[in-house]
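Biologist: I would like to learn how to read a model like this one. Please take me through it, feature by feature.

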Amino acid sequence: MTVTAVTGTPAPIPAGTTTATTTAVAAKKGLDSEVFMKLLVTQLTNQDPSTPMDTNQMISQTTQLAMMEQLTAMSRTSTEAFALDMRQAASTLIGQQAGYLDAKGVAVTGIVTRVSFDGPVPQVTIGDTTVALDEITSLATSRTPASA
């Protein structure tokens, strides 16, 4: 049995057909383990009994599924770690002097007074302006050294 990749536009949905499943599948952007298992079961169900699927090929596909799941988990962990690093970096800026370029391209500096984690990138408040952490262009300590 040969499995062929599905390409092109989806077939039209007949009137009166429930599209909840179609919507859920359309929301999935990549090939996850659930879709992979459905493909594998369909392949096994529709195989020719006189020429069953090669065991080595099945093991290979199962191994590919396990690798895909591990890569997905690693990607998710990496993304979460990066987000945590950004939050920690933003938090350390409170009380520090930071600079950024305003809309006109002029360098502005001030003391960081607030950090917000509402969006995907932490927002830092410098003076009366809130800028994204990745827009910070300079840092300096705002503390004066203790005199001896």
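**Reading the model**

Modeller: Start with confidence. pLDDT is the predictor's confidence in each residue, from 0 to 100. The protein averages a pLDDT of 77, and 72% of the residues score at least 70. This is a predicted model, where local features need pLDDT of at least 70, side-chain atom pairs count only at pLDDT 80 or more, and totals for chains, interfaces and linings use all residues. Residues are numbered from 1 along each chain as its sequence is written, and side-chain values use heavy atoms, with hydrogens and water left out.

Biologist: Over which residues does pLDDT stay under 50?

Modeller: Where pLDDT is low, the predicted coordinates should not be read in detail. Here pLDDT stays under 50 over residues 1–14 and over residues 16–26. A contact means heavy atoms within 4.5 Å. Beyond four places in sequence, the model has seven contacts for residues 1–14 and two for residues 16–26.

Biologist: How do the elements run from the N terminus on?

Modeller: Helices (H or I, at least four residues) and strands (E, at least two) are DSSP runs, numbered from the N terminus. The protein has three helices and five strands, in the order α-α-α-β-β-β-β-β.

Biologist: How many residues does helix 3 have, and how far does it reach?

Modeller: The expected span of a helix is 1.5 Å times one less than its number of residues. Helix 3 (residues 55–91) has 37 residues. From first C-alpha to last it reaches 54 Å, close to the 54 Å expected.

Biologist: Which residues of helix 3 are buried?

Modeller: Buried means under 20% relative accessible area, with a 1.4 Å probe and protein chains only. In helix 3 these are Gln-61, Leu-65, Met-86 and Ala-90. Across the protein, buried residues make up 17% of the 148 residues.

Biologist: Which residues form the largest nonpolar core?

Modeller: Such a core is a set of buried Ala, Val, Leu, Ile, Met, Phe, Trp, Tyr and Cys residues joined through side-chain atoms within 4.5 Å. The largest has 12 residues: Met-86, Ala-90, Leu-93, Ala-98, Tyr-100, Val-112, Val-115, Val-124, Ile-126, Val-131, Leu-133 and Ile-136. Helix 3, strand 1 (97–101), strand 2 (107–116) and strand 3 each give two or more residues to this core. Beyond four places in sequence, Leu-93 is in contact with Val-112, Val-124, Leu-133 and Leu-139.

Biologist: Why does Thr-125 count as buried?

Modeller: Thr-125 counts as buried because its relative accessibility is 10%. Thr-125 is found in strand 3 (residues 123–126). A polar contact is a pair of N or O atoms within 3.5 Å; within protein, one must be able to donate a hydrogen and the other to accept it, and residues adjacent in sequence count only if both atoms are side-chain atoms. The side chains of Thr-125 and Thr-130 make one at 3.3 Å.

Technical notes
Buried means under 20% relative accessible area, exposed over 50%, partly exposed in between (1.4 Å probe, protein chains only).
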